[in-house]
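Here are a few notes to read alongside the model. Have a look at the structure, then work through the points below.

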Amino acid sequence: MIAETGGMSAQPNPANSVALELRDVVKEYPGGVRALRGVSVDIQTGDRVAVVGPSGSGKTTMLTILGTLERASSGAVTVAGRDVVNASDSDLAGLRAYEIGFVFQGFHLQDGMTALDNVANGMLYMGSPLRERRELAKVALERVGLGERITHRPQQLSGGEKQRVAIARAIAKRPTIILADEPTGNLDSKSGQSVLELLHELASDGATLALITHDDHVAETFPRRLQMRDGELVGDERR
Amino acid sequence: MSVAALRRPGVPRPRRGGRDVARLPPHELFGVALQGLRTRKLRAALSALGIAIGIGAMVAVVGVSASSQANLLATIDNLGTNLLTVTPGTTFFGANEVLPNTSVPMIRAMRNVQRVSAVYSVPNANVFRTPFVPSEETGGIGVDATDPQLVKAMNGTVASGHFFDAASENEPTVVLGAAAAQDLQITSATGHVQLFVGGTWFTVIGILNSMTLDTSLDDNVFVGLPVAQRLFQIEPDPSEIYVRANVNDVSSVSNLLAATADPQNADGVDVSQPSDVLEARAAAKGQFTTLLLGLGAVALLVGAIGIANIMVISVLERRGEIGLRRALGATRRHISSQFLAESALLAVLGGVAGLIFGAIATWIYSIGQNEPWVVPLYALIAAPAAGLAIGAIAGLYPAAKAARLSPTEALRST
């Protein structure tokens, strides 16, 4: 198992702290398209949140702003306790490298690499040596149930398995936040169900999980659901 | 698993001012660039080929010219730079001057002169295999009278038989220049071969190898001066005098030669140094390469454009990968350096391949021409360095384009 580096983190005690926060966030694209029209939301550390809404409702934009891949046009954004509005490109990259794990609908695995190296590549920008990255990757692949398939290449894996590799890549570095954009969108219902269960299981260890879906059955498995429409937050249900 | 365990990676984090820093050490950057090329081997090979051809052509041009120059310079070193020639000049009205028959003994008496030899034109004698050959078919072969010193003075060598000595120069014997022997189809001086020279039978006693310092001698056959005076009634006025001076006194001897050869008409004497001609020829070979190098540079430019083109296509195709890397923590700078490194690596590989092509081409040429194989030392550094520079320049625009790409837009294109 991986050695804990207690005391290395400058994070506050995660219990009851806000992992993700948006305050009056507006996102306007060139050409005048307003994808977000003043969204405010708090997501606590360890929360599991589904963001639902029809296409074009702004849910992916919200996720990319939370994931610091895009900057808000106005408003305040806090990720893992940090103000990201005024942060530099390299500070945001550091945040993504250490704190955030992404899972995409389209897997985004590199064909020329084994599952192990795809997962190890998820920690490339943390500057740790390849041997250590591979060790962590192996542990992560075992956790998602692909311990036997570490030498397989993406083209030798099923869709569900590819998404598991992508999930392993997202969690191998032990991020505090997992952001998933329609992770079951390209999968059949059975694989989708098992991927969803896996995400819930991984998040139950304490990571914050925000997942975008337009599938109500997927959303129903989450304790908290945010409803988006036309760039606005129109519902916030808790169970 | 505890929350704390989940939140902390198993490796120490590089930090700056309490923040996590995204890093990509140079060896990882190299690995990423190499991986990028390895996943597109054929394309990488084809675009590197453009650079390889350009650099290969340039290395070959430089190598071939260096080999030829090395060969000429080796020849010059071998033959020595201390040979001077004295020839009659032309008068103000265009008529030929005549060197006085005292010139050879006068020069021989000079200080710092090692060896003197002379040839004397025998204008009214022609060479035939038999008396039955029509007299107008001379084959362009001239007859010169000379002394036993000629071969030594010229650093020449005998291919077959021997040159004149004090005895044979008085007898009707003949030594053939290399080209003349070929024209007369005589390959060996053994077996008592006879030639009909100026109406008399002469015995062939030797065949010379080509005289590099004065190849015009190769077309002639040589008879001894006493025989020529006796049989063909020539005046002993030298048509050309060869002077081997002490190596360190070449210029002082050269300055005095004209006045010594003909004290009454020093202006009518031409003095030259045959090695100068060869050195000039070596330099001329260097000049010729400039044009070919220019052509190589054009090939290189085309190769560079090919690399830039392929990298732009690569950026467009790999938007998904770029977006993913940004999501994994790559800064814009990491993305641009990745594409720059790929482009540079591609071109360096092309440069190294070109160096090898060029060296092989030079080697084949040098074997064909029987010359030493020379690839200039600077090419070993310059070829990959040129590749690096070309790749870096060609990669600038694609790298900037990749870095500018919005990660969300990039991730949407799967």
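1. A term to start with: two residues are in contact if their C-beta atoms, placed from the backbone, lie within 7 Å. This is a predicted model, in which local features need pLDDT of at least 70, side-chain atom pairs count only at pLDDT 80 or more, and totals for chains, interfaces and linings use all residues. Residues are numbered from 1 along each chain as its sequence is written, while chains are lettered from A and ligands numbered from 1 in the order in which they are written.

2. Take helix 7 of chain B, residues 225–232. Helices are DSSP runs of H or I with at least four residues, strands are runs of E with at least two, and both are numbered from the N terminus. B:L225, B:V227 and B:A228 are buried in this helix (20 or more other C-beta atoms within 10 Å of a residue's own, again placed from the backbone). Seen down the axis of helix 7 of chain B, the buried residues fall within an arc of 155°, so they line one face; the arc is that of the directions from the helix axis to the C-beta atoms.

3. What do those buried residues of helix 7 of chain B pack against? Their partners are strand 4 (113–121), strand 6 (142–146) and strand 11 (220–224) of chain B. After the helix comes B:Q233, with a positive phi near 55°.

4. Chain B as a whole has 13 helices and 13 strands. Its C-alpha trace spans about 120 × 50 × 45 Å along the principal axes, and buried residues make up 44% of its 414 residues.

Methods:
Buried ≥ 20, exposed ≤ 12 C-beta atoms within 10 Å, placed from the backbone.
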